[in-house]
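Trainee: Please take a close look at one part of this model, the packing of its secondary structure, and go through it in order.

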Amino acid sequence: MTKISKLIISNFKAFSERIEIPFDGKNILIFGENGSGKSSIFYALHVLLQSSEKSSEKIQNYFDLSHKEKLINIFSSQNPEDSFIEIQLKEKNYEQTSEQFKSYTISYNEITTNTTKVIKEINQASDFINYKVLMEFHTRNNYL
């Protein structure tokens, strides 16, 4: 069984500094005031998982200050090269009852998600629903 144990974001969207978000429970509730970074957390997970289906060049665009698709925090005092998204997975082997931790990262200089099967499987099994998906679903049902 594979489970997300931690998300680490640095210099990405609303986060100008490094932030670690532990995923300790079965369900995670993220709440806060407008502008506190809730959508940035969602988007970081989404971008990281979707990177398993993209080329390295497309992923690098997110971390390139000169590219129109950049997602790094332009107001940060950090070096843009220090921007990254990392996910830590906990893999439990039931036969040995041992836990193993593996990390996968996307940044301008390091991409470890599009060469592994586990991130692709998590991406395919995930249910990322946002307002765009809901509006598309609503529109499609009302006009068919």
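Mentor: A contact here means heavy atoms within 4.5 Å. Among contacts in the protein with a separation of 6 or more, 57% join residues 24 or more positions apart. The model is predicted, so local features need pLDDT of at least 70 and side-chain atom pairs pLDDT 80 or more, while totals for chains, interfaces and linings use all residues. Numbering starts from 1 along each chain as its sequence is written, and side-chain values use heavy atoms, without hydrogens or water.

The protein has four helices and four strands (DSSP runs, H or I of at least four residues and E of at least two, numbered from the N terminus). Their order along the sequence is β-β-α-α-β-β-α-α.

The four strands make an open antiparallel sheet, ordered β2-β1-β3-β4 (two strands pair if DSSP finds at least two bridges between them). β2 (15–22) and β4 (98–107) are the edge strands, each with a single partner, so one side of each lacks a neighbour in the sheet. From one strand to the next, the twist averages 15° (angles run from 0 to 180 degrees between N-to-C directions, with axes fitted to C-alpha atoms, for helices over the stretch in contact). Six bridges join β1 (residues 2–12) to β2; I8 has E20 of β2 as its bridge partner.

Helix α1 packs on this sheet, touching β1, β2, β3 (84–93) and β4, at about 110° to β1. α3 lies across β1, β3 and β4, at about 95° to β3. The two helices, α1 (residues 38–50) and α3 (residues 117–125), also pack together at about 125°, their axes 8 Å apart. They are therefore oblique to each other (under 35 degrees is roughly parallel, over 145 roughly antiparallel, 65 to 115 roughly perpendicular, the rest oblique). L48, L49 and Q50 of α1 meet I119, I122 and N123 of α3.
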